[in-house]
Amino acid sequence: MPHYILGIDGGGTSCRAAVAGADGRILGRGKSGAANILTDPDNALIHIVGAATAAFEEANIAPSEIGSACALVGVAGSNVGDAVHYVKERLPFAKANIESDGLIALQGALGDSDGAVAILGTGSIYISRQGDEIRYIGGWGFQIGDLGSGARLGHALLQESVLAFDRIHPSSPLTDAVMAEFNNDPREAVEFARAARPGEFGRFAPKIFDYAGRNDPVAITLLKTCAQTVDEALDAVVAQGSRKLCLLGGLAPIYRPWLAERHQPLFVEPEADALTGSVALAAKRFAAGSAA
């Protein structure tokens with residue numbers, strides 16, 4: 001049984017870590033920079049170790065103890081074998097498992113209960129659990145997936161704004177506001193979109209919800225269209241047997257009123273966050289001696 005365990009939540013914006021005793025009781029927490037193992041694995045490694053070090057320091061444990069700790073690292077891109085292998089073999093911990101950030105979010109939100117989470121942020125993914133079976137829906141990335149995500153919403157808004165500029169579709173205060181950001185020049189919008197990452201498209205998503213609250217017709221149409229894709233994914237999750245749904249991610253609280261009435265009775269509030277879930281999974285795996 002390890003003396004210390006680490007739960008790590010490696011996000012695209014920041015990396016958080018919590019050190020706990022073998023019983024899973026959290027002793028200290030730490031935070032560092034982005035930990036995207038796909039786009040920048042070397043910096044991800046630096047920030048994973050940095051967050052872990054900060055957690056040990058807050059717990060008044062010598063950072064040299066990190067080398068004897070067992071860690072469960074939740075990150076996006078855990079299904080990409082090359083990235084996982086590259087990072088795992090360079091981690092300084094005694095043992096480490098790398099898992100999906102969605103899995104630790106599921107554990108944090110639902111504890112050991114059956115059910116599902118829908119993570120609605122820059123991207124989108126759905127994870128369900130029935131007993132020991134974990135299933136994933138979506139999460140295929142901006143190019144061919146992530147329907148209903150912030151990136152998809154923002155992309156659709158830019159497309160609609162250019163259509164309105166060309167008088168193909170009706171304009172609205174929302175499309176006018178977007179074009180004003182690009183000096184009413186669609187060439188500037190095209191230049192932005194050509195190089196934009198999903199997060200840069202995603203920054204337009206809150207604007208859609210804001211204008212929908214003002215009864216902007218374009219905003220309402222975009223939201224209804226994207227909400228339908230979320231409802232379709234939730235239908236698939238429910239068909240797998242889930243009777244408890246938890247919405248997570250930055251768009252979760254503002255998306256909920258736009259989702260279908262049939263899903264509303266199934267929504268529950270999360271019990272805890274992804275970092276707590278990571279610690280709980282680490283305690284189960286390493287205390288049981290089942291780490292790979």
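Q: What sits over the ring of F142?
A: The charged end of R152, 5.7 Å from the ring centre. A charge sits over a ring if NZ of Lys or CZ of Arg is within 6 Å of the ring centre and within 35 degrees of the ring normal.

Q: And which residue lies over the face of F204?
A: R203, at 4.3 Å from the ring centre.

Q: What kind of model is this?
A: A predicted one: local features need pLDDT of at least 70, side-chain atom pairs count only at pLDDT 80 or more, and totals for chains, interfaces and linings use all residues. Residues are numbered from 1 along each chain as its sequence is written, and side-chain values use heavy atoms, with hydrogens and water left out.

Q: OK, ring pairs. How many aromatic pairs are there in the whole structure?
A: A search finds 7. Rings of Phe, Tyr and Trp (its six-membered ring) pair if their centres lie within 6.5 Å; planes under 30 degrees apart count as stacked, over 60 as edge-to-face, the rest as tilted.

Q: How are F182 and F192 arranged?
A: Tilted, 5.6 Å centre to centre, with 50° between the planes. F182 is in the loop between α5 (173-181) and α6 (186-195), and F192 is in helix α6. Helices here are DSSP runs (H or I, at least four residues), numbered from the N terminus.

Q: Is F182 buried or exposed?
A: Buried, because its relative accessibility is 7%. Buried means under 20% relative accessible area (1.4 Å probe, protein chains only). F192 is buried too, at 19%.

Q: What about F192 and F201?
A: Their centres are 6.0 Å apart and their planes at 80°, so that pair is edge-to-face.

Q: Which residues do ring pairs link into a cluster?
A: F142, F182, F192, F201 and F204.

How values were computed:
Helix = DSSP H or I, 4+ residues; strand = E, 2+ residues; numbered from the N terminus. Buried < 20%, exposed > 50% of the residue type's maximum accessible area, 1.4 Å probe, protein only.
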